[in-house]
Amino acid sequence: MSEETTGSREPNAQTQSGQTQGSRTPVLQPGYTYASVTDKISAITLSRRTPLGWWIGFGFAFIWVMVLLFAIAYLFAVGVGIWGINIPVAWGFAITNFVWWIGIGHAGTLISAILLLMRQQWRTSINRFAEAMTIFAVACAAMFPVLHLGRPWYFYWLIPYPNTMDMWPQFRSPLIWDFFAVSTYGTVSLIFWYIGLIPDLATLRDRSPSRAGRAVYGILAMGWRGAARHWRRYEIAYLLLAGLATPLVVSVHSVVSLDFTVAQLPGWHSTIFPPYFVAGAIFSGFGMVLTIAIPVRRFYHLEDFVTMRHLRNMALVMLATGLIVDYGYAMETFMAWYSGREVEIYAILNRLLGPYSLVYWAVLGCNVLAIQVLWFRRARSNVPLLFVVALIVNVGMWLERYMIVVVSLHRDFLPSSWHMFYPTIWDWATFIGSLGLFTALLFLFLRLLPMISISEMRELVLETGGGGDNQEQRRGA
Amino acid sequence: MSTPSTPAQGALYGLVAEFPTSEALLAATRRAYSAGYRRMEAYTPFPVEGLVEALDFHQTHIPLVVLLGGLAGGIGGYVLQYWINVIHYRLDVGGRPLHSWPAFIPVTFETTILIAALAAVLGMLALNGLPMPYHPLFNVPRFAAVTRDGFFLCIEARDAQFDRVETRHFLESLEACEVSDVEP
C-alpha cells in the first residue's frame, strides 16, 4: 500500500522492524503505557469542561443544521420546484451531493476493513473517526435521494413489503439496487463501528466520574468485561465483519455508478464508470479524512497518536487513487472519440468548451494538477500544505460529481429539450446545511465517544514494546 | 475484603486474582489449568495472544453462524426477487425475460452481506451472553482496571476443585498482586 508500512503483527518481527526502522516516524510515539493511552484518550470524553473551541465549532455547525431543517421543511411544504431543477436536469444538486457524500464514506470503510485485513498497523489510531465519518457521510448522502423524490414521504415504497396496494418494486432497476446497496452499507458501517466501540464504552463506564455517564456508557457497553473467551469471539467476529465490509468498499459506489451508466445518456453510458467511481470515492474520502484529522490532532494535541506517518500514508493513498481517477478522465475522453458516435463526441466537447466548461477545467485543476505535489516527500510532510491539498480535493470531487450529473444531463440527444441548470438559494441551503449536519455530528462524536480506539491502542503499546511497567506506575499514582 | 483472614460468609461466585502483566497472567492461567482448575476465566484490557488456548477454549462457532447468515441472506434475497418479479408481480418490459437473473445479482449480493454481518454481530453478542448488565465481578472494586491496565484470573466457585482457602493459597502462590473474593 505504501512505502511506510510495517506488515506484521508478530511480536518478534515488530521489535526487529522497530529497531531497523531508524529514522522512520513511528505509528505511536514511545513512552506510552496501557494506562497512559487509556487516560489520555478517555480524558477528552470524560472531562467535565467542554473546550470553548468546541462550543464555537459546534455552534457554527448547528446554525447550518437549522438552515438545513428549514430548507427541508420548506421543501416538504412547497415541493422540489424550489430547487433549480428542470427537465432534462431533474437530478441537479441532490444527486450531486448524494454521490459526493456517499463517496466520502468509502475511506472510512477502506481504513477500517481493508487495512485491517492487510495488517496495516498505522490504521489503528485513525480508524475510529474515519468510521464515524463514514456513518455521518452516509447519513448525509441517504437524505438526498429521498428529498429529491417528488413526494419524499413515500420513500418506503422502495422496500419490498406486503402492502394493501399489492405493488412490488422492480428489481431490474439500478435505483432499487442503489437502495439496497446504500442501506446495507449504512447498516454494516454502523454495526462495525459499534462493535469496535464496545470495549471502549466499557472503559468509559469504568472511568466516568458522573453517575449518568456510568449509566449511559454502561448500557451501551452491554456489560463488556474483557473475558478471554469473549475477546476471542469478538476478534473473530470483527475480522469476519472486516471481510464482509471489504467488498462493500468496491460494490457501493459501483452500484451508484450503475444509476448513471445503465442509462443511455452520453457522458453516462460508459463501462469505466464503476472502477472510476470507486477510485473517486476513496480519493475524496481520504481528502475528507485528512481535512478532519489535521485540525483535530492539533486541537486535541494528539500528534503522538496520529503521527506524520499517518498523514503521509493517507497522502499517498490520495495520490494513488487520484491518479486512477485521472486515468478515468483520460479514458472517458478517449472512448468518446474512439466510439465515433456523434452524441458521445459532442458530450465531451460540450464538457470541455460548453457553458459549463469552467467546471471541467476546475475539476482538472483540482484532481489532476493539485495532487501532483504529493509526489514529493517534503510536500507530504508539510501539514498546512496537505490540509490545503485535501480541501482542494474535496472541492474538486464535488465539482466532478456536478460535472457528471448536470453537464451530461443538460444537453442530451435532442437539442430542443436542452436546458441550463441554475442552483437556487434552496439548493445551496440544503447542500451547505448537509455540511453543517456532518460537522455537527462529528463534533458530538468527538465530545461523547473516544475518537481513537483505546483497546487497539493498548495492543499497539504491547506490540511496539511498551506497557510493561504500567502496573507500578499506577500503584505509585 | 481482600485480606486472607476474611471470615467465610455465604456462597462466593469465585476468587479473582490480579496480575501485573499479560505475561504473568498467561503463565498463571497455564499453571491453574495444569493444577486441574477448569471453571475459570481470564479478563484483560485487550485480547492477549495464547490466553484462550491456555483456557482450553477452541470452538467459537462464529464462522459457522456467519456462514449460515450469509447463506440465508443470499438465498433469501434471490428467492424474494424471483417470487416478486417472476411469480407474484410480473413486470413485462418489452417482452424481456421475467427471470432476468443478472439483474438480480446486486440485491442478492447486498442481502448476503447484510444478513452475514448482522449474524456476526448478533451471534457474537449472543454467544458471549451479552448484554449482561450485572455480573458478580463488577462487585470487586479493583476489577474496574480490567478496561485500563488490569489483568485478572477468576476461578469460579462451581469448579469441582474450588476450595475457599486452598484456591486462595494457590492463586497467591502464582505471584498475583492481589486476590479478592467475588460476591455473587
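This is a predicted model: local features need pLDDT of at least 70, side-chain atom pairs count only at pLDDT 80 or more; totals for chains, interfaces and linings use all residues.
Residues are numbered from 1 along each chain as its sequence is written, while chains are lettered from A and ligands numbered from 1 in the order in which they are written.

Okay, chain B. The domain assignment, which is automatic or from a database, gives domain 1 as 14-56 + 145-182 and domain 2 as 62-127. Their C-alpha centres lie 45 Å apart.

Now the sheet. It's an open one, four strands in the order β2-β3-β1-β4, with antiparallel pairing. Strands here are DSSP runs of E, at least two residues, helices are runs of H or I, at least four, and both are numbered from the N terminus. Two strands pair if DSSP finds at least two bridges between them.

So which strands of chain B stand at the edges? Those are β2 (40-43) and β4 (178-182) of chain B; each has a single partner strand, so one side of each is left without a neighbour in the sheet. From one strand to the next, the twist averages 20 degrees. Angles, by the way, run from 0 to 180 degrees between N-to-C directions, with axes fitted to C-alpha atoms, for helices over the stretch in contact.

Let's look at β3(B), residues 151-156. Four bridges join β3(B) to β2(B), and B:Met40 stands opposite B:Ile155. With β1(B), β3(B) pairs over six bridges, and there B:Val16 faces B:Cys154. Five of the six residues of β3(B) are buried, meaning 20 or more other C-beta atoms lie within 10 Å of a residue's own, with C-beta atoms placed from the backbone.

Lying across β1 (14-19), β3 and β4 of chain B is helix α5 (164-173), at about 10 degrees to β1(B).

Last bit, the interface. 54 residues of chain A are in contact with 53 of chain B; contact means backbone-placed C-beta atoms within 7 Å. On the chain A side, α8(A) gives the most, with 17 residues. That side divides into 29 nonpolar, 15 polar and 10 charged residues. Nonpolar covers Ala, Val, Leu, Ile, Met, Phe, Trp, Tyr, Cys and Pro, charged is Asp, Glu, Lys and Arg, and the others, Gly among them, count as polar.

Terms used. Two residues are in contact if their C-beta atoms, placed from the backbone, lie within 7 Å. A residue is buried if 20 or more other C-beta atoms lie within 10 Å of its own, exposed if 12 or fewer, and partly exposed in between; C-beta atoms are placed from the backbone.
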